[in-house]
Amino acid sequence: MTTVLMPVDPSVSPAQAARVLSVRADLLPPEIRDGRRARRTRGFVLVSLTLVLAMLGGWYWLAIQDLDAARTENNDAFAQLTDVQRAQQKDPEVQGLIKVDNGTALLTKELKAALANDLSWANMLDLIRDRADDVDVTVAEITASLDSANSGTVSTAGEVGTLTVTGTAKNKKVVAAYVDALSDLEDASNPFVSSIAGGDGKVAFSITVTITEDALCGRLVDSDHVCPSGGK
């Protein structure tokens with residue numbers, strides 16, 4: 001076998017001919033590169049999550065500290081206020097005011113019980129006179145009494161007393177209109193003419209009316225049991 005020697009290129013020096021070229025090539029398989037990239041991403045996520053949890057934990061700890069401080073301050077303020085109030089209650093003037101207030105409350109409670117069946121005569125007379133004015137009747141006298149002298153005790157029929165109205169009117173039709181007006185009252189019932197005399201121009205009459213339990217109203221009782229025309 002014959003070897004042919006080629007002449008050396010004078011333009012290439014020996015150092016250049018022996019130089020190693022810096023060529024880089026990624027020869028790793030794609031699955032290895034993807035695995036390394038995934039591990040780096042997971043590490044970054046875990047580190048970030050750890051930092052976030054640490055920050056949240058620090059914030060929660062500070063919030064707990066502030067809450068405890070606020071509770072302590074509130075308890076101290078409440079205790080101080082309680083001490084001041086107790087000290088004021090020991091003052092003789094304050095003790096006197098407390099006794100007066102308690103006595104007023106007790107008296108009001110007792111009056112409510114005592115006046116629960118109180119009958120307002122002023123209210124009843126105003127109702128009778130108002131109905132008379134509506135129909136142009138002149139009331140001369142009103143007499144009334146409670147049944148059995150029991151001062152407002154309600155009977156089984158819901159009647160507590162009677163009253164008699166005497167007066168004058170122009171004619172009997174006006175008297176009949178007055179009786180109808182009295183029939184509309186809640187405080188009274190069963191009005192009837194016990195006597196009537198006279199002719200056209202002027203008649204004298206007497207009407208008897210039954211007082212019902214609705215007339216029993218007091219100034220200190222509940223609002224659902226007040227006098228229908230406004231009380232005393």
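This is a predicted model: local features need pLDDT of at least 70, side-chain atom pairs count only at pLDDT 80 or more; totals for chains, interfaces and linings use all residues.

1. The largest nonpolar core has 23 residues, and the members that touch the most others in it are Tyr178 and Ile207. Two or more residues of this core come from each of helix H4 (121-134), strand E2 (159-169), helix H5 (172-183) and strand E4 (202-212). As general background, nonpolar side chains in soluble globular proteins tend to be buried together.

2. Tyr178 deserves a look of its own. Which residues does Tyr178 touch, leaving out those up to four places away in sequence? The list has Ile128, Arg131 and Ala132, then Val135, Val137, Val139 and Val165, and finally Phe205 and Ile207.

3. Stepping back to the whole chain, you will find five helices and four strands. Read from the N terminus, their order is α-α-α-α-β-β-α-β-β. The chain has 232 residues, and 19% of them count as buried. If you take the contacts between residues at least 6 apart in sequence, 65% join residues at least 24 apart.

4. Next comes the helix pair. Two packed helices are described by the angle between their axes and the distance between the axes. For H4 and H5, the axes come within 9 Å and cross at roughly 140°. H4 is therefore oblique to H5, since only angles over 145 degrees count as roughly antiparallel. The crossing of H4 and H5 is right-handed.

5. Which residues meet where H4 and H5 touch? On the H4 side they are Ile128, Arg131 and Ala132, and on the H5 side Tyr178, Ala181 and Leu182. Sorted by class, this contact of H4 with H5 holds five nonpolar residues, one charged residue and no polar ones.

6. Is Ala132 buried or exposed? Its relative accessible area is 1%, so Ala132 is buried. Setting aside neighbours within four places in sequence, Ala132 is in contact with Val137, Val139 and Tyr178. Ala132 and Ala177 are 45 residues apart along the chain, and 9.4 Å separates their C-alpha atoms.

7. Now to the strands, with Thr208 in strand E4. Thr208 has a relative accessible area of 19%, and it counts as buried because that value is under the 20% cut-off. Apart from residues up to four places away in sequence, Thr208 touches Leu163 and Thr164, along with Asn190, Pro191, Phe192 and Ser194.

8. Thr164, one of the residues that Thr208 touches, has its place in strand E2. With a relative accessible area of 25%, Thr164 is partly exposed. Beyond its neighbours within four places in sequence, Thr164 is in contact with Glu141, Ile142 and Thr143, and also with Ser206, Ile207 and Thr208. How far apart in space are Thr164 and Ser194, C-alpha to C-alpha? The answer is 9.0 Å, for a pair 30 residues apart in sequence.

9. Asp136 is not a glycine, yet it has a positive phi of about 65°. Asp136 is found in the loop between H4 and strand E1 (138-146), and it is partly exposed, with a relative accessible area of 47%. Asn190, also a residue other than glycine, has a positive phi near 55°. Asn190 lies in strand E3 (residues 188-199) and is partly exposed, its relative accessible area being 48%. Asn190 is also among the residues that Thr208 touches.

Conventions:
Residues are numbered from 1 along each chain as its sequence is written. Side-chain values use heavy atoms; hydrogens and water are left out. A nonpolar core is a set of buried Ala, Val, Leu, Ile, Met, Phe, Trp, Tyr and Cys residues joined through side-chain atoms within 4.5 Å. Buried means under 20% relative accessible area, exposed over 50%, partly exposed in between (1.4 Å probe, protein chains only). Contact means heavy atoms within 4.5 Å. Axes are lines fitted to C-alpha atoms, for helices over the stretch in contact, and angles run from 0 to 180 degrees between N-to-C directions. Angles under 35 degrees count as roughly parallel, over 145 as roughly antiparallel, 65 to 115 as roughly perpendicular and the rest as oblique. A crossing is left-handed if the near helix is turned anticlockwise from the far one by less than a right angle, and right-handed if clockwise. Ala, Val, Leu, Ile, Met, Phe, Trp, Tyr, Cys and Pro count as nonpolar, Asp, Glu, Lys and Arg as charged, and the others, Gly among them, as polar.
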